[in-house]
Amino acid sequence: MATKSLRDISLDGLWNNNPALVQLLGLCPLLAVTGSVVNALGLGLATMMVLVGSNLSVSLIRNHVSEAVRLPAFVMIIASFVTVAELVMQAFTYELYQVLGIFIPLIVTNCAILGRADAFACKNPILPSVVDGFMMALGFTVVLVVLGAMREILGQGVIFSDMQLLFGPMASDWKIELVKDYPDFLFAILPPGAFVAMGLLIAVKNIIDDQIKQAAEAKKAPVEVGSKRARVTGKIS
(Lines give C-alpha, C1' and ligand atoms only; values in the text may rest on other atoms or scores of the structure.)
Protein backbone atom coordinates (compact mmCIF):
# COMPACT_ATOMS: atom_id res chain seq x y z
CA MET A 1 0.00 0.00 0.00
CA ALA A 2 1.47 3.32 -1.10
CA THR A 3 1.69 5.87 1.68
CA LYS A 4 -0.18 9.09 0.99
CA SER A 5 1.59 12.40 1.24
CA LEU A 6 0.86 14.50 4.32
CA ARG A 7 -0.77 17.08 2.05
CA ASP A 8 -3.20 14.51 0.63
CA ILE A 9 -3.93 13.21 4.14
CA SER A 10 -4.70 16.75 5.30
CA LEU A 11 -6.96 17.49 2.34
CA ASP A 12 -8.83 14.23 2.87
CA GLY A 13 -9.53 15.07 6.50
CA LEU A 14 -10.54 18.66 5.93
CA TRP A 15 -12.45 18.35 2.67
CA ASN A 16 -12.22 15.40 0.26
CA ASN A 17 -13.09 12.70 2.81
CA ASN A 18 -14.45 14.78 5.67
CA PRO A 19 -15.99 12.39 8.21
CA ALA A 20 -19.10 14.54 8.66
CA LEU A 21 -19.74 15.89 5.15
CA VAL A 22 -18.56 12.95 3.01
CA GLN A 23 -18.42 9.81 5.15
CA LEU A 24 -21.49 10.95 7.15
CA LEU A 25 -20.13 9.37 10.32
CA GLY A 26 -20.72 10.50 13.89
CA LEU A 27 -23.99 12.20 12.97
CA CYS A 28 -25.74 11.35 16.24
CA PRO A 29 -23.61 13.61 18.49
CA LEU A 30 -23.05 16.03 15.64
CA LEU A 31 -26.76 16.75 15.33
CA ALA A 32 -27.60 16.43 19.02
CA VAL A 33 -25.15 18.77 20.74
CA THR A 34 -24.53 21.48 18.16
CA GLY A 35 -27.07 23.89 19.58
CA SER A 36 -24.24 26.30 20.36
CA VAL A 37 -20.60 26.91 19.46
CA VAL A 38 -19.29 26.02 22.92
CA ASN A 39 -21.02 22.63 22.92
CA ALA A 40 -19.76 21.88 19.41
CA LEU A 41 -16.21 22.95 20.21
CA GLY A 42 -16.14 20.95 23.45
CA LEU A 43 -17.26 17.77 21.71
CA GLY A 44 -14.89 18.43 18.80
CA LEU A 45 -11.85 18.82 21.05
CA ALA A 46 -12.73 15.67 23.00
CA THR A 47 -13.12 13.75 19.73
CA MET A 48 -9.80 15.13 18.50
CA MET A 49 -8.00 13.94 21.62
CA VAL A 50 -9.45 10.44 21.24
CA LEU A 51 -8.86 10.19 17.49
CA VAL A 52 -5.25 11.36 17.59
CA GLY A 53 -4.44 9.18 20.59
CA SER A 54 -6.09 6.07 19.18
CA ASN A 55 -4.44 6.48 15.76
CA LEU A 56 -1.05 6.87 17.43
CA SER A 57 -1.54 3.81 19.63
CA VAL A 58 -2.92 1.62 16.84
CA SER A 59 -0.01 2.55 14.60
CA LEU A 60 2.44 1.64 17.37
CA ILE A 61 0.99 -1.86 17.85
CA ARG A 62 0.03 -2.57 14.25
CA ASN A 63 2.74 -5.20 13.77
CA HIS A 64 2.16 -6.90 17.11
CA VAL A 65 -1.58 -7.64 17.07
CA SER A 66 -3.06 -10.63 15.27
CA GLU A 67 -6.10 -10.40 13.02
CA ALA A 68 -8.21 -12.36 15.52
CA VAL A 69 -8.04 -9.69 18.22
CA ARG A 70 -7.44 -6.64 16.06
CA LEU A 71 -10.86 -4.98 16.36
CA PRO A 72 -11.34 -5.73 20.09
CA ALA A 73 -7.90 -4.25 20.72
CA PHE A 74 -8.82 -1.11 18.78
CA VAL A 75 -12.06 -0.72 20.75
CA MET A 76 -10.19 -1.07 24.05
CA ILE A 77 -7.68 1.59 22.99
CA ILE A 78 -10.46 3.97 21.94
CA ALA A 79 -12.38 3.34 25.18
CA SER A 80 -9.24 4.11 27.19
CA PHE A 81 -8.77 7.47 25.51
CA VAL A 82 -12.47 8.30 25.90
CA THR A 83 -12.12 7.64 29.62
CA VAL A 84 -9.13 9.98 29.74
CA ALA A 85 -11.12 12.65 27.88
CA GLU A 86 -14.00 12.23 30.35
CA LEU A 87 -11.71 12.62 33.35
CA VAL A 88 -10.03 15.69 31.86
CA MET A 89 -13.40 17.33 31.19
CA GLN A 90 -14.66 16.48 34.66
CA ALA A 91 -11.54 18.07 36.15
CA PHE A 92 -11.39 21.27 34.09
CA THR A 93 -14.76 21.82 32.36
CA TYR A 94 -17.23 20.04 34.62
CA GLU A 95 -20.27 22.15 33.71
CA LEU A 96 -19.67 21.61 30.00
CA TYR A 97 -19.21 17.90 30.67
CA GLN A 98 -22.63 17.86 32.32
CA VAL A 99 -24.17 19.68 29.35
CA LEU A 100 -22.72 17.23 26.83
CA GLY A 101 -23.76 14.34 29.03
CA ILE A 102 -23.90 10.89 27.47
CA PHE A 103 -22.37 12.07 24.19
CA ILE A 104 -18.86 12.08 25.66
CA PRO A 105 -18.91 8.34 26.53
CA LEU A 106 -20.60 7.68 23.18
CA ILE A 107 -17.41 8.82 21.41
CA VAL A 108 -16.41 5.16 21.84
CA THR A 109 -19.09 4.22 19.31
CA ASN A 110 -18.17 6.94 16.81
CA CYS A 111 -17.61 5.04 13.58
CA ALA A 112 -15.20 7.69 12.33
CA ILE A 113 -12.69 6.82 15.07
CA LEU A 114 -12.83 3.04 14.69
CA GLY A 115 -12.91 3.47 10.92
CA ARG A 116 -9.67 5.49 10.86
CA ALA A 117 -7.99 2.98 13.16
CA ASP A 118 -8.99 0.07 10.94
CA ALA A 119 -8.63 1.72 7.53
CA PHE A 120 -5.53 3.84 8.05
CA ALA A 121 -3.64 3.71 11.36
CA CYS A 122 -3.18 -0.08 11.39
CA LYS A 123 -1.57 0.11 7.93
CA ASN A 124 0.64 3.19 8.19
CA PRO A 125 3.60 4.52 10.23
CA ILE A 126 3.21 6.80 13.23
CA LEU A 127 3.54 10.25 11.61
CA PRO A 128 0.97 9.75 8.82
CA SER A 129 -1.39 8.12 11.32
CA VAL A 130 -1.16 11.02 13.76
CA VAL A 131 -1.64 13.56 10.95
CA ASP A 132 -4.61 11.57 9.64
CA GLY A 133 -6.19 11.49 13.09
CA PHE A 134 -5.62 15.19 13.67
CA MET A 135 -6.90 16.32 10.28
CA MET A 136 -9.94 14.04 10.36
CA ALA A 137 -10.78 15.33 13.83
CA LEU A 138 -10.14 18.92 12.73
CA GLY A 139 -12.46 18.51 9.75
CA PHE A 140 -15.11 17.01 12.04
CA THR A 141 -14.66 19.83 14.58
CA VAL A 142 -14.93 22.54 11.91
CA VAL A 143 -18.25 21.11 10.75
CA LEU A 144 -19.43 20.90 14.37
CA VAL A 145 -18.52 24.53 15.05
CA VAL A 146 -20.05 25.84 11.80
CA LEU A 147 -23.24 23.91 12.48
CA GLY A 148 -23.29 25.15 16.07
CA ALA A 149 -22.77 28.74 14.95
CA MET A 150 -25.60 28.49 12.40
CA ARG A 151 -28.03 27.08 14.93
CA GLU A 152 -27.02 29.49 17.67
CA ILE A 153 -27.41 32.52 15.41
CA LEU A 154 -30.71 31.42 13.85
CA GLY A 155 -32.10 30.06 17.08
CA GLN A 156 -31.09 32.77 19.56
CA GLY A 157 -29.69 35.69 17.57
CA VAL A 158 -26.35 35.46 19.42
CA ILE A 159 -23.01 33.71 19.03
CA PHE A 160 -20.29 32.55 21.45
CA SER A 161 -22.63 32.40 24.42
CA ASP A 162 -21.50 30.47 27.55
CA MET A 163 -17.94 30.21 26.28
CA GLN A 164 -16.79 30.38 29.91
CA LEU A 165 -17.87 26.74 30.20
CA LEU A 166 -14.84 25.83 28.09
CA PHE A 167 -12.35 28.69 28.50
CA GLY A 168 -13.10 29.82 32.05
CA PRO A 169 -14.11 33.23 33.48
CA MET A 170 -12.04 35.15 30.93
CA ALA A 171 -14.54 34.12 28.24
CA SER A 172 -17.64 35.27 30.10
CA ASP A 173 -17.91 38.42 27.96
CA TRP A 174 -17.24 36.78 24.59
CA LYS A 175 -20.97 36.58 23.83
CA ILE A 176 -21.96 38.66 20.80
CA GLU A 177 -25.59 39.72 20.48
CA LEU A 178 -26.24 40.00 16.75
CA VAL A 179 -29.94 40.90 16.95
CA LYS A 180 -31.34 42.79 19.92
CA ASP A 181 -34.55 41.37 21.44
CA TYR A 182 -34.38 38.42 19.06
CA PRO A 183 -37.38 36.06 19.41
CA ASP A 184 -36.01 32.55 19.80
CA PHE A 185 -36.47 30.39 16.69
CA LEU A 186 -37.21 27.03 18.29
CA PHE A 187 -36.92 25.04 15.05
CA ALA A 188 -33.23 25.90 14.70
CA ILE A 189 -32.49 24.93 18.30
CA LEU A 190 -34.21 21.54 18.13
CA PRO A 191 -32.84 18.46 16.25
CA PRO A 192 -34.97 19.07 13.11
CA GLY A 193 -33.12 22.34 12.62
CA ALA A 194 -29.84 20.45 12.88
CA PHE A 195 -30.90 18.10 10.08
CA VAL A 196 -31.82 21.00 7.81
CA ALA A 197 -28.60 22.91 8.56
CA MET A 198 -26.51 19.79 7.99
CA GLY A 199 -28.24 19.21 4.67
CA LEU A 200 -27.44 22.77 3.62
CA LEU A 201 -23.75 22.30 4.50
CA ILE A 202 -23.56 19.09 2.49
CA ALA A 203 -25.31 20.78 -0.44
CA VAL A 204 -22.87 23.72 -0.36
CA LYS A 205 -19.91 21.32 -0.34
CA ASN A 206 -21.32 19.38 -3.29
CA ILE A 207 -21.85 22.59 -5.26
CA ILE A 208 -18.27 23.70 -4.59
CA ASP A 209 -16.95 20.25 -5.57
CA ASP A 210 -18.92 20.34 -8.82
CA GLN A 211 -17.54 23.77 -9.69
CA ILE A 212 -13.98 22.64 -8.94
CA LYS A 213 -14.50 19.52 -11.09
CA GLN A 214 -15.91 21.52 -13.99
CA ALA A 215 -13.03 23.99 -13.81
CA ALA A 216 -10.50 21.13 -13.82
CA GLU A 217 -12.20 19.46 -16.78
CA ALA A 218 -12.26 22.74 -18.69
CA LYS A 219 -8.50 23.09 -18.22
CA LYS A 220 -7.89 19.52 -19.41
CA ALA A 221 -10.18 19.78 -22.44
CA PRO A 222 -8.12 19.69 -25.69
CA VAL A 223 -8.22 22.75 -27.89
CA GLU A 224 -9.89 21.82 -31.16
CA VAL A 225 -7.95 23.05 -34.15
CA GLY A 226 -10.34 23.73 -36.97
CA SER A 227 -9.63 24.53 -40.58
CA LYS A 228 -8.84 28.14 -41.25
CA ARG A 229 -10.77 29.91 -43.94
CA ALA A 230 -8.87 32.32 -46.06
CA ARG A 231 -10.34 35.78 -45.94
CA VAL A 232 -10.56 37.40 -49.35
CA THR A 233 -10.95 41.12 -49.50
CA GLY A 234 -11.45 43.30 -52.45
CA LYS A 235 -13.88 43.31 -55.34
CA ILE A 236 -13.82 40.54 -57.96
CA SER A 237 -14.30 41.87 -61.46
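Tutor: Let us start with handedness: in this predicted model, helix 1 and helix 7 make a right-handed crossing.

Student: What makes helix 1 and helix 7 roughly parallel to each other?

Tutor: The axes of helix 1, residues 6-16, and helix 7, residues 126-156, cross at roughly 25°, and angles under 35 degrees count as roughly parallel, so helix 1 and helix 7 are therefore called roughly parallel to each other. Their axes come within 7 Å.

Student: How do you know which residues of helix 1 and helix 7 meet?

Tutor: Contact means heavy atoms within 4.5 Å, and by that rule Leu-6, Ile-9, Ser-10, Asp-12, Gly-13 and Leu-14 in helix 1 meet residues of helix 7, including Leu-127, Pro-128, Val-131 and Asp-132. By class, the contact of helix 1 with helix 7 has nine nonpolar, three polar and two charged residues.

Student: Why is helix 4 called oblique to helix 6?

Tutor: The axes of helix 4, residues 70-92, and helix 6 cross at roughly 130° and come within 10 Å. Angles over 145 count as roughly antiparallel and those from 65 to 115 as roughly perpendicular, with the rest oblique once the roughly parallel ones under 35 degrees are set aside, and that makes helix 4 oblique to helix 6. Helix 4 passes helix 6 in a right-handed crossing.

Student: Which residues bring helix 4 and helix 6 together, and how many of them are charged?

Tutor: Arg-70, Leu-71, Phe-74, Val-75 and Ile-78 in helix 4 meet Ile-113, Leu-114, Ala-117 and Asp-118 in helix 6. By class, this contact of helix 4 with helix 6 has seven nonpolar, no polar and two charged residues. Asp and Arg count as charged, so Arg-70 and Asp-118 belong to that class.

Student: What makes helix 3 and helix 6 roughly parallel to each other?

Tutor: Helix 3 and helix 6 pack at an angle of about 20°, with their axes 9 Å apart, and since angles under 35 degrees count as roughly parallel, helix 3 and helix 6 are therefore described as roughly parallel to each other. The contact is made by Thr-47, Val-50, Leu-51, Ser-54, Asn-55 and Val-58 of helix 3 and by Ala-112, Ile-113, Arg-116 and Ala-117 of helix 6. By class, the contact of helix 3 with helix 6 has six nonpolar, three polar and one charged residues.

Student: Why is the space lined by Pro-19, Thr-47, Leu-51, Asn-110, Ala-112, Ile-113 and Phe-140 called a cavity?

Tutor: A cavity is a set of points where a 1.4 Å probe fits but cannot get out, and the space lined by these residues is the largest cavity, so the probe cannot get out of it. About 30 Å³ of space lies in the largest cavity, and the count comes to one cavity of 30 Å³ or more. Helix 3, residues 37-61, and helix 6, residues 111-119, each supply at least two residues of its lining.

Student: How do you know what class of residue lines the largest pocket, and which helices supply the lining?

Tutor: Among the lining residues of the largest pocket are Leu-14, Trp-15, Val-142 and Lys-205; Leu, Trp and Val count as nonpolar and Lys as charged. By class, the whole lining of the largest pocket has nine nonpolar, two polar and one charged residues. Helix 1, helix 7 and helix 10 each supply at least two residues of that lining, and about 160 Å³ of space lies in the largest pocket.

Note on methods:
Residues are numbered from 1 along each chain as its sequence is written. This is a predicted model: local features need pLDDT of at least 70, side-chain atom pairs count only at pLDDT 80 or more; totals for chains, interfaces and linings use all residues. Side-chain values use heavy atoms; hydrogens and water are left out. Axes are lines fitted to C-alpha atoms, for helices over the stretch in contact, and angles run from 0 to 180 degrees between N-to-C directions. Helices (H or I, at least four residues) and strands (E, at least two) are DSSP runs, numbered from the N terminus. A crossing is left-handed if the near helix is turned anticlockwise from the far one by less than a right angle, and right-handed if clockwise. On a 1 Å grid over the protein atoms alone, a cavity is a set of points where a 1.4 Å probe fits but cannot get out, and a pocket is an open set with protein on both sides within 12 Å along at least five of seven lines; lining residues have an atom within 4 Å of a point. Grid points are joined across faces, edges and corners, and a volume is the space filled by probe spheres set on the points.
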